[in-house]
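Hello,

Here is the structure we talked about handing over. My notes on it follow below.

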Amino acid sequence: MATLQVESREKSSSAVARRLRREGSLPMALISKKEGTKTIVAERTSVREVLSTLTGIAIFDMKIDADAPTKVIMKDVQRDPVSREVIHLTVMEITDEDVVKVNIPVVVEGTPKAVTKRAATLMVPMNEVSIQAKVKDLPESVLVDVSKMKQNDKIVVSDLRAYEGVTFLNSPNTVLAATKQLRGMVDFVDEEDTPAEAAAAE
């Protein structure tokens, strides 16, 4: 896991924070279990390097001054309203046994045959879902297999496979993927299903 080196800093004015940014540093805040919220600072390039290594949930190690590294999770990101550049980060100290609520990415796998045959289109209205779990049980993402979907079909949160120790916080009826029959297209019939249907009819 990547480790971000940071330094403690005294609480200061917004003018000091702007100066730090001009000098290539990023003002940050750490929510500590023992000391409450602490103000810290890191080199902007180091923050970019660490964040670029992350996949899924933003959890990484942080080393403050000469202290031993501690595990943290991203809590808040503030961006410049015009440039969208990150201007402040807030992270929270965590352990593997802590229970957290986070959003994790939805990863779509496969392609429905109706979409391959251009008889339907696939819609994925959500790119992440909300979950609650211990840090040690957090999956990097939620897999949604759409390969067996038919025309005008849908997959909802309640259709997801169970992840040990994970509770989904979205409504069970929340749609994660749906297929919609294209206008002017007839009902798509999967050729592999045809023999079975014919045998059943007999």
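Predicted model: local features only at pLDDT ≥ 70, side-chain atom pairs only at ≥ 80, totals over all residues.

D96 is partly exposed, with a relative accessible area of 36%. The side chain of D96 forms a salt bridge with K71, and the closest N and O atoms are 2.7 Å apart. This pair links distant parts of the chain: D96 is in the loop between β6 and β7, K71 is in strand β5 (residues 70-79), and the two are 25 residues apart. K71 is also partly exposed, at a relative accessible area of 23%; the cut-off for buried is under 20%.

The loop between β6 and β7 also holds E97. E97 forms a salt bridge with K136, with the closest N and O atoms 3.0 Å apart. K136 sits in the loop between β9 (128-134) and β10 (142-145), 39 residues from E97, so the pair links distant parts of the chain. Both ends count as partly exposed: K136 has a relative accessibility of 47%, and E97 has 44%.

Elsewhere, salt bridges that share partners join R44, R48 and E85 into one network.

A further salt bridge is formed by the side chains of K33 and D98, at 2.8 Å from N to O. K33 lies in the loop between β2 (25-32) and β3 (36-43), and D98 in the loop between β6 (86-93) and β7 (99-109), so the pair ties together parts that are 65 residues apart in sequence. K33 is partly exposed, with a relative accessible area of 47%. In total the structure holds 8 salt bridges.

**Sheets**

Strand β4 (residues 59-64) is another element to inspect. Of its 6 residues, 5 are buried, so β4 is largely enclosed by the rest of the structure. β4 pairs with strand β1 (residues 3-8) in the parallel sense over 4 bridges, and T3 stands opposite D61 of β4. β4 also pairs with β5, here in the antiparallel sense and again over 4 bridges. In that pairing, I59 has I73 in β5 as its bridge partner. The hairpin of β4 and β5 has 5 residues between the strands, and D65 takes a positive phi near 50 degrees there. Strand β5 is also where K71 sits, the salt-bridge partner of D96.

**Confidence**

The mean pLDDT of the protein chain is 86, and 90% of its residues reach 70 or more. Which elements have the lowest and the highest mean pLDDT? Helix α4 (residues 194-201) has the lowest, at 48, and strand β12 (residues 167-168) the highest, at 96.

Regards

Key: Residues numbered from 1 in each chain as written. Heavy atoms only, no water. Salt bridge = Lys/Arg side-chain N within 4 Å of Asp/Glu carboxyl O. Buried < 20%, exposed > 50% of the residue type's maximum accessible area, 1.4 Å probe, protein only. pLDDT = per-residue confidence, 0-100. Pairing = 2+ DSSP bridges.
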